[in-house]
Amino acid sequence: AHEGILRRQSLRESAARTYARSLPIVPVRARGLTIEGADGRRYLDCLSGAGSLALGHNHPVVLEAIKKVLDSGAPLHVLDLATPVKDAFTTELFATLPRQLADDARIQFCGPAGTDAVEAALKLVRTATGREGLLAFTGAYHGMTAGALDASGGATDVRVTRLPFPHGYRCPFGIGGDRGAEMAARWAEHLLDDPKGGVPAPAGMILEPVQGEGGVIPAPDDWMRRMRALTAARSIPLIADEVQTGVARTGAFWAVEHSGVVPDVMVLSKAIGGSLPLAVIVYRSGLDAWPPGAHAGTFRGNQLAMAAGAATLAFVRENRLADRAATLGARMLSQLQGLCAAHPGMGDVRGRGLMIGVELVDLDAPAADAVAPPPAPALAAAVQRECLRRGLIVELGGRHSSVVRLLPPLTLTDEQAAAVLDRFADALAAAEK
Ligand code: PMP
């Protein structure tokens, strides 16, 4: 069955599929960290639905919440009408948000995917400000629809001004650490304030507090505050894309809490749906400038996703999983850093909470610049393959796909974390041979 399904789907489905190329598995059952394939093999899943499974696969509280809706006789399709399920979800979500935002917030259900919510956020700030331009960052990822794609790193929409995203040892100016972040902040200020070389006042700035697809790059807290101050002083709405960093992933319920920054708009998806599709924006009520009907859509009221999401948010809050992600993530990070001495290909280990990246570098290749060792995409692909052979699912991202990313569920136990790291170390050793 396994081979037949893989073969038929590879013929029928578009070659644009991302995950299927590196993960030739046919999942048939899953629970927590574990996925079982049609061939009977079991895998530890550290991709977690691209970061959406805060509680792992099929968590009992999520299944229970879904069953409750199914058994209640509530309509499954409700357009964007008010329902008790939506009310409960919204109440739970608002209880988790930074107070300053929650006390004066509006919510717009966008669904089903993160990219839809990014579109809504861009449209909202353009409507509210009457301006067109957007400030976005190198290496950013906001989704695959037109506006979100333009905001992502490397795209070329003329309305988007690309600002450097600060990065530890590898910043766009070739300067690492605090000085790199300082330079990145100054460049942003210069672009906004220089009457000759600068850009017209933009509609907004969009950033990820930790770049995910871009290679797990946490923004320094000081730099985040700098971006907040810079946008606030010029009445530029700040959009925090917390699609991947949200729901305790980084060791705070929302990643903006690390810096204390309160954005004007938060873009939320992935984990807020408890593994089902759900995406919203939450924003300062003062931005709510669009007229009735300005942002409609048929699938905005997914009852099952809202129930699963509310159960997930409540479970994360009650069980203090943000603290757990912070502690366990720090321990895994330092254990991975401990591997660096024996593995020169591990150029950098970084992350925040349970959002961890290992950047692989090729020290034999000629260096392109003084600060960044050349990336090693072939080694990273080999590590991913060797991980899969050992029953560990990891994803790649970042510079030329040379960063191995770990996004385990927040429910990861100490024993599971040890098993993940053992398999990763074995895979690394095998890939280096
Ligand atoms: N923003 C960020 C930060 C993301 O990580 C992603 C997905 N990886 C998206 C937006 C897009 O979400 P989706 O894939 O659900 O459209």
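Predicted model: local features only at pLDDT ≥ 70, side-chain atom pairs only at ≥ 80, totals over all residues.

User: How far apart are the centres of domain 1 and domain 2?

Analyst: The bounds come from an automatic or database domain assignment, which gives domain 1 as 2-59 + 321-432 and domain 2 as 62-318. Taken over C-alpha atoms, their centres are separated by 25 Å.

User: Which element gives the most to the side of domain 1 that touches domain 2?

Analyst: Contact here is C-beta atoms, placed from the backbone, within 7 Å, and it takes 33 residues from domain 1 and 29 residues from domain 2. Helices (H or I, at least four residues) and strands (E, at least two) are DSSP runs, numbered from the N terminus. Elements supplying at least two residues on the domain 1 side include α3 (48-51) and β13 (346-352). The top contributor, with five residues, is α12.

User: How are α13 and α14 oriented to each other?

Analyst: Helix α13 (residues 377-389) and helix α14 (residues 414-432) pack with axes 8 Å apart, at an angle of about 130°. Axes are lines fitted to C-alpha atoms over the stretch in contact, and angles run from 0 to 180 degrees between N-to-C directions. Under 35 degrees counts as roughly parallel, over 145 as roughly antiparallel, 65 to 115 as roughly perpendicular and the rest as oblique. So α13 and α14 are oblique.

Conventions. Residues numbered from 1 in each chain as written. Contact = placed C-beta atoms within 7 Å.
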